[in-house]
Amino acid sequence: MLLSMLKFVQGFLQVTLTGSSPERFLNLCIRRNILIWNLCPNKEAGGFDFCISLKGFRASKELLKKTHTTVKIRKKCGLPFFLHRYRARKLFAIGILLCVLLLWNCSKYVWKIEVNGTSELSQDMILSWLEQKDNGFGTKKNRIDCAAIEADLRSDFDVIAWTSVKLEGTKLTVDIQENLPEDEVQKLPEEGAWDLVASEDATIASIYTRQGTPRVEKGSVVSKGSILISGRLDIMDDNGEVANYRYVVSDGDVMGTVMRTYESSFPRAYQKKVYTGAESTSYMLQLGSIRIPLGKEKAGYSACETTVTDRQLELLPDLYLPVHLYVTNRKAYVYQSATYTKTEAEALAKEGWDAFLEKFAQKGIPIIVKNVKIETDETNCVIRGSIQAEVPIGKYAPTERIVLPEKTVSDEISE
C-alpha cells in the first residue's frame, strides 16, 4: 500500500516497448536499477507493456537509442499529471489542499473503538466507561494512554482478569478476558488451617493432593461437606502415636462424578411470524454528530423486522473517519396461529438439550453418561434428561483444631 502511494505521488507512465531488441533494453534497465513493474508481453505490437516511473523514463532515453527500441506512452498516471491537468482551476486545487488538511487533522483522533471478549460485561458498558474516562470517540490520540486504560479497567471491573488496549491508526481496540464466575473459582487461602471439603454429593473420580492429608480415595461416595483433604497433619512419636498436629492450607485437585438433570416443556401451539413481502430500505448519513436523512422514509409497518447496518468510512486499514452510512432495512410480517409438527417440536426440544450440553463443553467438563427422553402429546412437548459429569467438587472450610491433653509424670514413667 505504501509503495503504491509513493508511485502515485512521484508519477509513472504506462508504456508499450517495441523494436529490434526489447529484451536487451529490459536487461539494461535492470543493471541500472531502473524500476519496471507490471511487465507483460504485447503480441499485437511485438513487444512488451509495462509501467515505469518518470525518473526511470528520463534515464532510459539513452538506452532506447542504444538498443534501437521505442516506447509509446499509453497513459500518464500519478499526482504530477493530475496537478498539471487542473493547474488552471485554482479553486479546485484549493479544495484538494483543504481536503488533505482535513484528513490529516482527522487522523489525529480516535474514530472507532472495538471491544472484544466481553461476556458478563457488555460492549456498551465498556464504551460508556471509556467516555467517562475521556477516552471515547473523538479523543485525541496523544491523550490516549493504553497502559493506564488497561490498569484502570482491571481496577474498576473485578470480573476482568486480563486486558489489552491497542491504538492503531484511528482505531482503539480493547481485548478483554473475564474471570470465571465466583462459584467456579476456588481461591487458595494464603495462610491458616483449611480443609478441602465436598461442595456437593458425589463419587470421587480422582484426587491429587499437593498439601494436607487426603481423607478419601477414588471411588469413595461423599456427601456435601465431607472432608476431602484435611489441613491437619499428624506428627507421630517414636511409638507411632500422635504427638502433635501441624496445620496447613490443604491444596489439591479433586474431581467428582455428579448427576445433573435437565427438564423443559413448551406448548405445540404458537404464533408463527409470516413475512408479507413488503420491504423498505432507508439511508442516514452521519458526519460527526450531524445526521442527514438520504431520501424520504416510507411509512412504517404495524409489525416489522428492522436491521440497521453501520458502514463507517475506512480510507486505509485502521484509518477510519467520522463518516457513517446507516442502512435501515425493514421487513413487514404478521402473526398467524400454527402448531409444531411432532418432528419440529422434537427438533426444538433437542436444541435446548444441546445448549445445556454445550455449557459443559465450553467449561471443559467431560460428560460420562447422558440420557434424554422426549415426550410429545397433542398439546405439549416435554424433554427430560440427565447426565453424569466429572466436575471439581472442592471448596474450603476451616480446619477443626484439636488440643492434645498434656502428659503427666506418671504417664511418662509408665511409658
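Modeller: Buried means under 20% relative accessible area, exposed over 50%, and partly exposed in between, with a 1.4 Å probe and protein chains only. Helices are DSSP runs of H or I with at least four residues, strands are runs of E with at least two, and both are numbered from the N terminus. This is a predicted model, in which local features need pLDDT of at least 70 and side-chain atom pairs pLDDT 80 or more, while totals for chains, interfaces and linings use all residues. Residues are numbered from 1 along each chain as its sequence is written, and side-chain values use heavy atoms, without hydrogens and water.

Colleague: Which residues of helix α8 are buried?

Modeller: In α8, residues 146-156, they are Ile-149, Glu-150 and Leu-153. Seen down the axis, these fall within an arc of 100 degrees (taken from the directions from the helix axis to the C-beta atoms), so they line one face of the helix.

Colleague: Which exposed residues are on the face turned away?

Modeller: Ala-147 and Ser-155 are carried there.

Colleague: And what do the buried residues of α8 pack against?

Modeller: They pack against α7 (123-132), β6 (160-168) and β7 (171-178), where contact means heavy atoms within 4.5 Å.

Colleague: Changing topic, where is Gln-286?

Modeller: Gln-286 is in strand β16, residues 269-287. Gln-286 is buried, with a relative accessible area of 12%.

Colleague: What does Gln-286 touch?

Modeller: Leaving aside residues up to four places away in sequence, Gln-286 touches Arg-291, Pro-322, Val-323, His-324 and Tyr-326.
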